[in-house]
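Dear colleague,

My notes on what was found in it follow directly after.

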Amino acid sequence: YMGRMGLINSGGASFGSSDMAEAVETAVINKRAGGHGLISGRKAFQRPMNEGVELLNAIQDVYLDDSITIA
């Protein structure tokens with residue numbers, strides 16, 4: 001890390017139908033700013049399991065995507 005700390009951003013409150021888009025957008029912004037992760041609680045865990053898993057997988061996909069780089 002060359003003396004730097006990794007940034008982990010908190011995802012924020014759940015707003016319902018726009019949660020997926022907001023979580024992915026937040027993850028992209030965080031990754032482009034040099035972040036290493038996104039904390040997601042209510043957005044993923046206060047909905048049916050299959051929807052929560054889909055949301056968490058979308059966030060993971062952002063951090064695994066090599067085409068999304070530091071701005």
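In what follows, Lys and Arg count as positive and Asp and Glu as negative, while His and the chain ends are not counted. The place of a charge is taken as NZ of Lys, CZ of Arg, CG of Asp or CD of Glu. On that basis the chain carries 6 positive and 8 negative side chains, and 9 Å separates the centres of the two sets.

Please note that this is a predicted model, in which local features need pLDDT of at least 70 and side-chain atom pairs count only at pLDDT 80 or more, whereas totals for chains, interfaces and linings use all residues. Residues are numbered from 1 along each chain as its sequence is written, and side-chain values use heavy atoms, with hydrogens and water left out.

Overall architecture

The chain has three helices and two strands, arranged from the N terminus as β-α-β-α-α. Helices (H or I, at least four residues) and strands (E, at least two) are DSSP runs, numbered from the N terminus. Along the principal axes, the C-alpha atoms fill a box of roughly 40 × 20 × 15 Å. The radius of gyration (taken over C-alpha atoms) is compared with a globule rule of 2.2 Å times the number of residues to the power 0.38. For 71 residues a compact globule would have a value near 11 Å, and the 12 Å of the chain agrees with this.

The chain exposes about 5,000 Å², of which carbon and sulfur atoms supply 58%; accessible areas come from the Shrake-Rupley method with a 1.4 Å probe, and for residues only the protein chains shown count as cover. Buried residues make up 24% of the 71 residues, where buried means under 20% relative accessible area, exposed over 50%, and partly exposed in between (1.4 Å probe, protein chains only). Contact means heavy atoms within 4.5 Å. Among contacts between residues at least 6 apart in sequence, 73% join residues at least 24 apart.

The nonpolar core

A nonpolar core is a set of buried Ala, Val, Leu, Ile, Met, Phe, Trp, Tyr and Cys residues joined through side-chain atoms within 4.5 Å. The largest one has eight residues, namely Ala-23, Ala-27, Leu-38, Ala-44, Leu-55, Ile-59, Val-62 and Ile-68. Helix H1 (19-32) and H3 each supply at least two residues of this core, and H3 gives the most, with three. Beyond its neighbours up to four places away in sequence, Ala-44 touches Gly-52, Leu-55 and Leu-56.

Individual residues

Leaving aside residues within four places in sequence, Asn-30 is in contact with Leu-7, Asn-9, Gly-35, His-36, Gly-37 and Tyr-63. Lys-31, also in H1, is buried with a relative accessible area of 13%. Residues up to four places away again not counted, Lys-31 touches Val-62, Tyr-63, Leu-64, Asp-65, Asp-66, Ile-68 and Ile-70.

Two loop residues are exposed instead. Phe-15, in the loop between strand E1 (7-10) and H1, has a relative accessibility of 59%. Its C-alpha atom lies 9.5 Å from that of Arg-42, 27 residues away in sequence. Gln-46 belongs to the loop between helix H2 (42-45) and helix H3 (49-64) and is exposed, at 60%.

Yours sincerely
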